[in-house]
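Below is a short note for someone opening this entry for the first time. Please read it with the model on screen.

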Amino acid sequence: MEKGETFIAGVVPPRNHLKPPLWFAFHDSKLLVHSNASSVAIPCLPDLNQLSLEIKTRHYLGQLGERPCYAVGLDEDTLPPPGMAFVALRRLYGQVCETLFQIAGRAVQIVEWDRTNRFCSRCGNPLHLRSTERAKECDHCGLLNFPRLSPAIIVLVERGQELLLARAHHFPPGLYSVIAGFVEPGETLETAVVREVQEEVGLSIGKIRYFGSQPWPFPDSLMIGFTATYQGGQIALEDGEIEDAGWFRADNLPMIPGKISIARRLIDRFVEKQKHYAGDDVK
Ligand SMILES: [Zn+2]
């Protein structure tokens, strides 16, 4: 892709296009890429059939500059053609630009939604894709089915010059992160933030501020980030999900998540703010 090209989402493919499409083809949630020792690249060619693959489904995603982008579901028995490989999406991070990474995340969610929603959940008849919106419809009973998103909040809690970090049982050894959890039916995002912090570490918080959001296609989350300040309570690990939690200063952090995540963006911003207070930025 050329620098600065923006992605514009769409459902109806264009009749004509100036440049060959980009193909985001998945096998078992892994993306097909050209691969050598030093780099990976998304296939870009007039027709993916040129690679003699078993294509099961194809979805137009939108346009990146003058290139149409397609999500493709491949047959389970597909092997990568010579010079190509299937890579897990997390491994792709940092190897392609942010825009391509985001389109790949969108693509895998569409392919998986299509693969796992073939029949109506109300009457059991086959669903078919609608041509003008990202939805499936049951001809028999009219049920509409949209790609599922699971919203989750993630919150950095500050107490003066310290931030709250916790580690869940399933984290890699030594890794700590900020508090996160899924939004429950009927909750606002702010209510979910307060509840998760109370449930996971027993603390009350205030001054909840929106920070930003991030699609998280592992498999279908949308992370909605917040900052908050400590108001009261002692750390208490009661719900069994958290193994350890504590207050940390910016200059004494444990192992934290990689740059792929909004958790890291929240922590980096806190660290920057502390440097600012310490006057490091004017030295
Ligand atoms: Zn139905």
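1. Basis. This is a predicted model, in which local features need pLDDT of at least 70 and side-chain atom pairs count only at pLDDT 80 or more, while totals for chains, interfaces and linings use all residues. Residues are numbered from 1 along each chain as its sequence is written, and side-chain values use heavy atoms, with hydrogens and water left out.

2. Zinc site. The zinc ion has Cys120 (SG), Cys123 (SG), Cys138 (SG) and Cys141 (SG) as its protein donors, at 2.3 to 2.4 Å. Donors are N, O and S atoms within 2.8 Å of the metal (3.2 Å for Na, K and Ca); water is not among the atoms, so sites may look incomplete. The spacing of the donor residues in sequence is C-x2-C-x14-C-x2-C. The angles among the four donor atoms run from 99 to 119 degrees, and the site is tetrahedral (four donors with all angles between 85 and 135 degrees). For reference, the ideal angle for four tetrahedral donors is 109.5 degrees.

3. Buried means under 20% relative accessible area, exposed over 50%, and partly exposed in between, with a 1.4 Å probe and protein chains only. Cys138 is buried at 1%, and Cys120 is buried at 5%. Cys123 is partly exposed, at 31%.

4. How many disulfides does the structure hold? The count is zero, where a disulfide is a pair of cysteine sulfur atoms within 2.5 Å. For Cys97, the closest cysteine sulfur belongs to Cys69 and is 10 Å away, so the two are too far apart for a bond. Cys97 is partly exposed, with a relative accessible area of 33%.

5. Aromatic pairs. The whole structure has seven aromatic pairs. Rings of Phe, Tyr and Trp (its six-membered ring) pair if their centres lie within 6.5 Å; planes under 30 degrees apart count as stacked, over 60 as edge-to-face and the rest as tilted. One of the pairs is Tyr93 with Phe101, which is edge-to-face, with 5.2 Å centre to centre and 80 degrees between the planes. Tyr93 is partly exposed at 27% relative accessibility, whereas Phe101 is buried at 10%. Elsewhere, Trp23, Tyr60 and Tyr70 are linked into a cluster by ring pairs.

6. Charges over rings. Here NZ of Lys or CZ of Arg must be within 6 Å of the ring centre and within 35 degrees of the ring normal. Lys136 lies over the face of Trp113, 5.7 Å from the ring centre. The charged end of Arg90 sits over the ring of Phe218, at 4.3 Å from its centre.

7. A cis peptide. Phe218 is also joined to Pro219 by a cis peptide bond, with omega about 5 degrees. Pro219 is in the loop between β14 (204-216) and β15 (221-232); strands (E, at least two residues) are DSSP runs, numbered from the N terminus. Most peptide bonds are trans.

8. Which loop holds Asp28? Asp28 is in the loop between β2 (22-27) and β3 (30-35), and Ser29 lies in the loop between β2 and β3. Phi is near 55 degrees in Asp28 and near 65 degrees in Ser29. Most residues other than glycine have a negative phi. Asp28 is exposed at 60%, and Ser29 is partly exposed at 31%.

Terms used
Tetrahedral: all angles 85-135°; square planar, octahedral: opposite > 155°, others 65-115°. Helix = DSSP H or I, 4+ residues; strand = E, 2+ residues; numbered from the N terminus.
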